[in-house]
Amino acid sequence: DSAVCAPLPVLGRDVLVPLVTGGEVGYAALDIAASAPALQRVWDDVAAYAPYYGSVHRGAGYLSQLSTDLFENSRAEVARFLGVREGDQVVFTRSTTDSLNLLAAVLPADTRVFVFETEHHASLLPWEQRADAEVTYLDAPRTPEQAVDTLERALAEREPYRHALVCVTGASNVTGELWPVRELAAAAHAHGARIVLDAAQLAPHHPVDIAQLDVDWVAFSGHKLYAPFGAGVLAGRADWLQQAEPYLAGGGASRTVARRADGGVDVEWHTTAARHEAGSPNVIGAYAIAAACKALTEAGFENLVAREQHLVERVRAGLAEVPEVRVLSLFGDDAPRVGVLSFVVRGWNSSHFAAALSAEYGIGVRDGLFCAHPLVRTLLGAESQAPGECGAPEGAPGEKSLNAIRVSFGAGTPDEHVDRFVRAVKELVADGARWSYRTEDGRCVP
Ligand code: PMP
């Protein structure tokens, strides 16, 4: 009487091929908030360049010159995409995580940092790496206005300070909700603080214009912006970046190195973005990001937003018909959001539910706490996941299980994928008994 779960079907090759351009059916990649399949256009651009790459900034040969041009043009394309101001720098990094760690590394001494507990760990944790920084964690707000109030009060309480930084997400990777970035930036600046925008989830869905939002820095990742892995961006004010020691020491970051009379070495570091890009850079990654920026700009964000909102409404309406489903939100069920929704299902362990979506319907979602543990804990709260009919979802009877399911979609997601997802949720909830099993000590795990 042990396992009555449906066996995992062996997936054929065809269903594993991510379908990035839309229209076709097969494997439904509904976890694009984690990593979005690269756009065909981006692959094509990279493939066209791939045979010609060489080392940048160094070689005298044709391929090196071509690559240097492509690398620096990629920087210019990203700068255009972000609407950077005169004097801003665009630094290529490995990812959003890397970008925010770079910013943490270049903070002036004794900077005060303000961050909501609702942030992804990539924007929550880097500041603790600086022993001299005092980090203030702000409670999760329940409205966008409360977010601004909370920040204003915290900034006012901590004054005076010489340097302060606010770090905030543009769109939550858990709820998909949009944060009032412009208002938070105005509050930060009114109190003499600076602000960095974690745009990892915003940039793939909305235009991010540094000057218009009036944020000091923006960080995002290529692999969430429909480009492949391995490259990210930190763009914004040059002063803190230029005044600090290089993030990595090495070639490319150094302008001149000379032995001193006392036997040591004197180093003059670059004051351009190269200061923080030591070593041979990820030219293909940078080029792919630029190709994605170009493709999204040409597609027109107004079209992407309209299409995505159509999908959001389909999912929202479908899930609303299932009383067992609770969609997680800070700002209310109808709050504006990008194509990212997390939810729990009464009587279900979220991991089992996600596994069932994959095994039975070929739908890839994510389950867990989404690298935003404090936020998910706050959202699930004491309620946690409701125990199943015959016991707790996990562990001993009565024990709480803290995790949720996240579905996310965007450019290239066909209607059929989200419709299949909604149908799957309804069917699994109606017939979930197949996915429960009895453990050796007699507990029933739904
Ligand atoms: N911030 C947010 C809001 C994210 O969703 C993520 C990725 N899940 C990150 C930062 C970190 O991005 P990366 O893993 O590419 O560094």
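**Exercise 1.** In which loop is the place of aspartate 333? Classify the residue as buried or exposed.

*Solution.* Start with the numbering and the kind of model. Residues are numbered from 1 along each chain as its sequence is written. The model is predicted: local features need a pLDDT of at least 70, side-chain atom pairs count only at pLDDT 80 or more, and totals for chains, interfaces and linings use all residues. Here pLDDT is the predictor's confidence in each residue, from 0 to 100.

Step 1. Helices (H or I, at least four residues) and strands (E, at least two) are DSSP runs, numbered from the N terminus. Aspartate 333 lies in the loop between β11 (325-327) and β12.

Step 2. Count the neighbours. A residue is buried if 20 or more other C-beta atoms lie within 10 Å of its own, exposed if 12 or fewer, and partly exposed in between, with C-beta atoms placed from the backbone. Aspartate 333 has 12 other C-beta atoms within 10 Å and is therefore exposed.

**Exercise 2.** State how confident the predictor is in the protein chain, and locate stretches with pLDDT under 50.

*Solution.* Step 1. The average pLDDT of the protein chain is 88, and 87% of the residues score at least 70. The model has an ipTM of 0.99 and a pTM of 0.90.

Step 1. Residues 1-24 stay under 50 in pLDDT, and the model gives them 41 contacts beyond four places in sequence. Two residues are in contact if their C-beta atoms, placed from the backbone, lie within 7 Å. Residues 382-400 are also below 50, with 36 contacts in the model beyond near neighbours in sequence.

Step 2. Where pLDDT is low, the predicted coordinates should not be read in detail.

**Exercise 3.** Describe the domains of the protein chain and the side of domain 1 that touches domain 2.

*Solution.* Step 1. The assignment gives domain 1 (13-30 + 300-445) and domain 2 (42-298); such bounds come from an automatic or database domain assignment.

Step 1. Contacts join 26 residues of domain 1 to 24 residues of domain 2. On the domain 1 side, α11 (301-320), β12 (340-345) and α13 (373-380) each supply at least two residues.

Step 2. That side divides into 18 nonpolar, five polar and three charged residues. For this division, Ala, Val, Leu, Ile, Met, Phe, Trp, Tyr, Cys and Pro count as nonpolar, Asp, Glu, Lys and Arg as charged, and the others, Gly among them, as polar.

**Exercise 4.** Which residues touch the most other members of the largest nonpolar core?

*Solution.* Step 1. A nonpolar core is a set of buried Ala, Val, Leu, Ile, Met, Phe, Trp, Tyr and Cys residues joined through C-beta atoms within 7 Å. The largest one has 127 residues, of which Leu184, Val218, Ile289 and Ala292 touch the most other members.

Step 1. Helix α10 (residues 283-299) gives the largest share, 12 residues. Domain 1 and domain 2 each contribute at least three residues to this core.

Step 2. Leaving out residues up to four places away in sequence, isoleucine 289 touches Ser74, Val78, Gly222, Leu225, Ala227, Ala231 and Val233.

**Exercise 5.** What surrounds the ligand?

*Solution.* Step 1. The shell holds 14 residues, the closest being Ser95, Thr97, Asn173, Ala200 and Ser221; a residue is near a molecule if its C-beta atom, placed from the backbone, lies within 6 Å of it.

Step 1. The elements that give two or more residues are α4 (96-106) and α5 (121-124). By class, the shell has three nonpolar, 10 polar and one charged residue.

**Exercise 6.** Is glycine 176 buried or exposed?

*Solution.* Step 1. Glycine 176 sits in the loop between β5 (164-169) and α7 (181-190). It counts as buried because it has 25 C-beta neighbours inside 10 Å.

Step 1. Beyond four places in sequence, glycine 176 touches Ala171, Arg337, Val338, Gly339, Val340 and Leu341. Its C-alpha atom is separated by 4.9 Å from that of arginine 337, 161 residues apart along the chain.

**Exercise 7.** Examine the backbone at proline 160 and tyrosine 226.

*Solution.* Step 1. Most residues other than glycine have a negative phi, and most peptide bonds are trans.

Step 1. The bond from glutamate 159 to proline 160 is cis, with omega near 0°. Proline 160 is in the loop between α6 (144-158) and β5.

Step 2. Tyrosine 226 has a positive phi, near 65°, and lies in the loop between β7 and β8 (232-236). With 28 C-beta neighbours inside 10 Å, tyrosine 226 is buried.
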